[in-house]
Amino acid sequence: MELTLIPGFVQILLFQGLGELVSHFLLPLMPGPVIGLVLLLAWLTVRKSVPATMDTVASALMQHLGLLFVPAAVGVVMYWPQLKADALAIALALLGSVVLTIAVSALVLKLLAKEHSSDA
Amino acid sequence: MTRDVPAIHEIWVYLAGSPLLALILTLGAYQCGVMLYERANRHPLANPVAIAVLLVAATITIIDMPYAKYFEGAQFVHFLLGSATVALAVPIYKGLAVVRGRIVPLTAALLAGGTTSIVSAVVIARLLGADDAIIGGLYAKSVTAPIAMGIAERIHVSPTLTAVFAVTTGVLGAVLARYVLDLVGSRAWWQRGFALGVASHGIGVSRAFSVNPEAGTYASIAMGLHGVLGAVLIPLVVPHLRL
């Protein structure tokens, strides 16, 4: 890794840490990373630009976001017996729900975007 | 030959005892997933995360490694989910200028999509007789995994089960989005990306970025907003739904 990537990563970790602290002491209702996200967003808005190294680190994380889900998802093996017993219900619930969610979100956007079609 | 056997065995014990094996397994499986995805011309059915999860799950079952042991090593990868969530602020910030004129349709779509995701999943699962533990895991499944796991703890359901459902939802959305979006006649990249981000968070964002940058930006905005709103609203609303 180039050394130039380090400052961006440190900044992200600092905001993550800050988020955890705020979550622990002030806002236990919100998970730490979400508070970190909001604080970083506020900082970027005040700063009016994204530091170049943070930009590089953030886009690397976004591009391989999928990798980061693997360890948690492998937990499927632990719940296998329970999942197998209710396999049909779970499969249909997840499938039906995701299809409906995509369809409803897309339809709402399509309908409202027409009413607000100031920008094509 | 027989003299080699204890040596190999010792190496094996050493590897299995350090985080190295879990990390090699996780990253190697993901690498395989990405290679197959590229070879399949980024076909949605060849989802790299699904391939990686299946490979790792099969491997740890075959070598008889308990999940807790695997996770002990793989937690270094898992930890970065938190950092990635914070880093979401960057695409959201960049998208904000574009988004401002579209705040009404985007907020409406997010609220409608988020509600649909919970209600439809819980209703279908209940009708088909799933038990309460399973249904509990469905509440936060459309929120990005690290936030979903936080929400799960707050509403007293299993974080692991929630994460499993969240990732499955992510993969299903990434695989099916193209067909569903074509079916409902959604054409604009920003609308397609946003709808995918609402439904299937991080894995949807990965998929959206690999198809079109504008779709990716809107998907990450949807994922971030869904995470923030979900973290606030789901713990407030769900206890009342359960009466």
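What share of the contacts in chain A with a separation of 6 or more comes from residues 24 or more positions apart? The share is 46%, where a contact means that two C-beta atoms, placed from the backbone, lie within 7 Å. This is a predicted model, in which local features need pLDDT of at least 70 and side-chain atom pairs count only at pLDDT 80 or more, while totals for chains, interfaces and linings use all residues. Residues are numbered from 1 along each chain as its sequence is written, and chains are lettered from A and ligands numbered from 1 in the order in which they are written.

**Chain A: overall form**

- Chain A holds 6 helices and 0 strands; helices (H or I, at least four residues) and strands (E, at least two) are DSSP runs numbered from the N terminus.
- The radius of gyration of chain A is 20 Å, well over the 14 Å that the globule rule gives for 120 residues, so chain A is more spread out than a compact globule.
- The radius is taken over C-alpha atoms, and the globule rule is 2.2 Å times the number of residues to the power 0.38.
- The C-alpha trace of chain A spans about 50 × 50 × 35 Å along its principal axes.
- Buried residues make up 39% of the 120 in chain A; a residue is buried if 20 or more other C-beta atoms lie within 10 Å of its own, exposed if 12 or fewer, and partly exposed in between, with C-beta atoms placed from the backbone.
- Chain A is assigned domain 1 (1-63) and domain 2 (71-120), with bounds that come from an automatic or database domain assignment.
- The centres of domain 1 of chain A and domain 2 of chain A, taken over C-alpha atoms, are separated by 28 Å.

**Chain A: residue A:Gln11**

- A:Gln11 sits in helix α1 of chain A and counts as partly exposed because it has 19 C-beta neighbours inside 10 Å.
- Apart from neighbours within four places in sequence, A:Gln11 is in contact with A:Pro51 and A:Met54.
- A:Pro33 is 22 residues from A:Gln11 along the chain, and their C-alpha atoms are separated by 14 Å.

**Contact between the chains**

- Chain A gives 68 residues to the contact and chain B gives 93 residues.
- On the side of chain A that touches chain B, the elements giving two or more residues are α1 (6-25), α2 (32-47), α3 (52-63), α4 (65-73) and α6 (87-115) of chain A.
- The most comes from α6(A), with 24 residues.
- By class, this side of chain A has 51 nonpolar, 13 polar and 4 charged residues.
- Ala, Val, Leu, Ile, Met, Phe, Trp, Tyr, Cys and Pro count as nonpolar, Asp, Glu, Lys and Arg as charged, and the others, Gly among them, as polar.

**Chain B: overall form**

- Chain B has 11 helices and 0 strands.
- For 243 residues, a compact globule would have a radius of gyration near 18 Å, and the 20 Å of chain B agrees.
- The box filled by the C-alpha atoms of chain B is roughly 70 × 45 × 30 Å along the principal axes.
- Of the residues of chain B, 55% count as buried.
- Residues 24 or more positions apart supply 62% of the contacts in chain B with a separation of 6 or more.

**Chain B: domains**

- The division of chain B is into domain 1 (1-80) and domain 2 (88-243), and their C-alpha centres lie 28 Å apart.
- Their contact takes 7 residues from domain 1 of chain B and 8 residues from domain 2 of chain B.
- The side of domain 1 of chain B that touches domain 2 of chain B has 5 nonpolar, 1 polar and 1 charged residues.

**Chain B: helices and backbone**

- Helix α10 (residues 189-211) of chain B spans only 10 Å between its end C-alpha atoms, whereas a straight helix of 23 residues would span 33 Å at 1.5 Å a residue; the expected span is 1.5 Å times one less than the number of residues.
- A kink of about 140° in α10(B) is centred on B:Ser200; the bend is the angle between axes fitted to the seven residues ending at a residue and the seven starting there.
- In α10(B), 21 of the 23 residues are buried.
- B:His201, in helix α10 of chain B, has a positive phi near 30° though it is a residue other than glycine.
- B:His201 counts as buried, with 34 C-beta neighbours inside 10 Å.
- Helix α6 (residues 103-127) of chain B should span 36 Å for its 25 residues, and its end C-alpha atoms are 36 Å apart, which agrees.
- After α6(B) comes B:Gly129, with a positive phi near 75°.
- B:Asn41 lies in the loop between α2 (19-39) and α3 (48-62) of chain B and has a positive phi of about 55° although it is not a glycine.
- B:Asn41 counts as exposed, with 7 C-beta neighbours inside 10 Å.
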